[in-house]
Protein chains: 2
Amino acid sequence: MAKIAFIGLGNMGYPMAGHLLGAGHDVTVVNRTPAKAARWCDEYGGAQAATPAAAADSAEFVFTCVGNDDDLRAVVLGRQGVVQTLRAGRIFIDHSTTSAVVAREMAAALAARGIEFLDAPVSGGQAGAQKGVLTVMCGGSERAFERARPVVAAYARACALMGPVGSGQLTKMVNQVCIAGLLQGLAEGLAFGQRVGLDMNAVIEVIAKGAAQSWQMDNRAHTMCQGEFNFGFAVDWMRKDLGIVRDEASRHGAQLPVTTLVDGFYAELQARGGGRWDTSSLIERLRG
Amino acid sequence: MAKIAFIGLGNMGYPMAGHLLGAGHDVTVVNRTPAKAARWCDEYGGAQAATPAAAADSAEFVFTCVGNDDDLRAVVLGRQGVVQTLRAGRIFIDHSTTSAVVAREMAAALAARGIEFLDAPVSGGQAGAQKGVLTVMCGGSERAFERARPVVAAYARACALMGPVGSGQLTKMVNQVCIAGLLQGLAEGLAFGQRVGLDMNAVIEVIAKGAAQSWQMDNRAHTMCQGEFNFGFAVDWMRKDLGIVRDEASRHGAQLPVTTLVDGFYAELQARGGGRWDTSSLIERLRG
């Protein structure tokens with residue numbers, strides 16, 4: 001069993017760190033709001049450290065699950081950051097969704113100290129984190145991946161190496177782009193069906209068997225028709241992810257016409273106070 | 001076993017009429033190009049009639065699977081149309097994808113002669129028609145539906161009554177709207193992934209297990225990445241269907257921002273000679 005530092009106990013990190021402890025690892029947690037780390041220790045029984053540097057000092061694996069690129073930079077490179085103490089030969093696994101640029105930047109900074117970095121964003125949402133059935137998309141070396149995989153298995157149903165550092169983030173971006181267009185198509189179809197007076201339970205039952213089927217239809221179509229959005233993956237988080245992919249796309253000259261449009265729709269939902277609503281709330285905009 | 005007239009032996013109607021014959025029904029076919037009806041008779045062994053009126057004269061069920069609203073009007077109301085001969089108490093089942101308006105118009109014209117009408121568009125594509133596993137979305141009376149269902153079973157895996165006349169068409173429209181946005185999202189995601197140099201087989205394997213999963217991803221993502229579009233549901237047909245739903249939406253004040261955008265993308269593909277390509281060819285537009 002390994003000595004682990006886990007930094008960032010948000011909706012995802014909190015239960016993920018719990019699964020690591022449950023798998024028998026020696027886990028020390030750090031959180032920006034220390035009270036939450038204290039609560040985690042009460043619930044699961046691990047140790048708490050005051051700073052990333054303190055937690056990383058004796059760790060074999062450092063895990064992060066933080067908000068954005070700048071949060072990651074601070075945790076790694078800051079005055080109390082992981083690089084101050086983490087030793088050569090250790091592994092750093094970042095589960096945050098960030099840009100591929102910052103992933104490569106962190107990998108380079110850590111490589112200079114003999115530490116291997118994996119960017120490892122996840123999909124499966126808060127429910128997947130709680131149940132320990134996340135999908136993990138990794139970028140990094142085969143060697144680091146093979147060392148990390150048995151540890152990550154504590155909360156992952158699937159864990160795949162996608163290519164060099166940054167490839168995990170890029171794969172997550174593909175995922176989010178696919179979902180954005182899919183959800184808007186679903187929203188337009190369902191809102192149209194409601195508007196013309198169809199029995200939407202019957203419609204969903206029929207069309208979910210054919211070429212319009214999707215995970216989102218199977219899991220969100222009924223709640224969309226009922227206007228329930230108080231769960232799932234929040235609009236605020238999706239906007240962060242779409243911002244990252246739009247930046248990356250513009251650097252590569254990749255066109256994202258519908259993704260860009262949908263990102264604007266999510267901005268409208270934020271302006272209406274829907275930042276914490278599930279991403280399927282796109283249908284709300286279409287109700288006149 | 002029933003006496004059936006089947007009008008319209010296109011990509012869908014040709015195998016559907018074959019399944020009716022295979023189920024033991026007495027099938028007489030009519031096609032705008034008579035040589036195709038003759039070929040059908042050579043292949044399956046049914047009878048050929050020269051006009052809809054001639055085929056409908058002694059039929060218990062009349063089936064149509066034609067191109068558009070005007071084709072349907074001509075087959076029903078024309079000088080050699082079905083209304084000239086079809087008797088009271090018979091059932092007319094239209095498998096074409098049309099507007100809900102023309103469905104109601106045909107139902108009224110036929111009702112005046114004591115004939116019941118079902119609008120019954122299908123999904124499942126040419127492959128579904130050949131294998132006899134279509135999904136059929138019906139609008140009409142419960143009584144007509146119950147009489148038609150055992151006959152339609154010859155080529156349907158699912159057959160559902162969605163509501164009064166027109167409801168089958170409206171359900172098909174919901175289906176097509178969902179697919180339009182879904183396919184564009186998938187196209188943008190995959191084109192982005194290719195542009196940034198990801199191993200797309202690995203990406204598809206990972207993301208198809210999560211919230212981005214769809215029938216289209218399972219069945220089209222690999223061919224999209226490979227640029228293969230010589231199969232499936234054609235851009236020309238999708239444009240017809242999206243035109244119908246856009247008309248219907250504007251009558252009801254329903255918003256279809258992404259559907260409208262995607263319809264324009266399909267128009268671009270037609271202009272590039274891609275009218276017969278599969279609808280997944282949206283990715284082709286995104287390749288610089």
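## Helix α9 and B:Met200

Helices here are DSSP runs of H or I with at least four residues, numbered from the N terminus. The model is predicted. In chain B, helix α9 spans residues 200-207, and B:Met200 belongs to that helix.

B:Met200 has a relative accessible area of 8%. Buried means under 20%, so B:Met200 counts as buried. Leaving aside residues up to four places away in sequence, B:Met200 touches B:Leu190, B:Gly193, B:Gln194 and B:Cys225. B:His25 lies 175 residues from B:Met200 along the chain, and their C-alpha atoms are 48 Å apart.

## Two domains in chain A

Chain A splits into domain 1 (3-164) and domain 2 (170-286). Their C-alpha centres are 29 Å apart. Domain 1 of chain A brings 14 residues to the contact, and domain 2 of chain A brings 12.

About 980 Å² is buried between domain 1 and domain 2 of chain A, with 60% of that area from carbon and sulfur atoms. On the domain 1 side, A:Thr97, A:Ala100 and A:Met137 lose the most area to domain 2 of chain A. Together they account for 36% of what that side buries.

## Contacts and make-up of the domain 1 side

Between domain 1 and domain 2 of chain A there are zero salt bridges. Four residue pairs are in polar contact, both residues at pLDDT 80 or more.

On the side of domain 1 of chain A that touches domain 2, α5 (100-111) and β7 (122-123) each supply at least two residues. The largest share, three residues, comes from α5(A). By type, this side of domain 1 of chain A has six nonpolar, seven polar and one charged residue.

Definitions and conventions: Residues are numbered from 1 along each chain as its sequence is written. Chains are lettered from A and ligands numbered from 1 in the order in which they are written. This is a predicted model: local features need pLDDT of at least 70, side-chain atom pairs count only at pLDDT 80 or more; totals for chains, interfaces and linings use all residues. Side-chain values use heavy atoms; hydrogens and water are left out. Buried means under 20% relative accessible area, exposed over 50%, partly exposed in between (1.4 Å probe, protein chains only). Contact means heavy atoms within 4.5 Å. Domain bounds come from an automatic or database domain assignment. Buried area is the accessible area (1.4 Å probe) that two parts lose on being put together, summed over both. A salt bridge is a side-chain nitrogen of Lys or Arg within 4 Å of a carboxyl oxygen of Asp or Glu. A polar contact is a pair of N or O atoms within 3.5 Å; within protein, one must be able to donate a hydrogen and the other to accept it, and residues adjacent in sequence count only if both atoms are side-chain atoms. Ala, Val, Leu, Ile, Met, Phe, Trp, Tyr, Cys and Pro count as nonpolar, Asp, Glu, Lys and Arg as charged, and the others, Gly among them, as polar.
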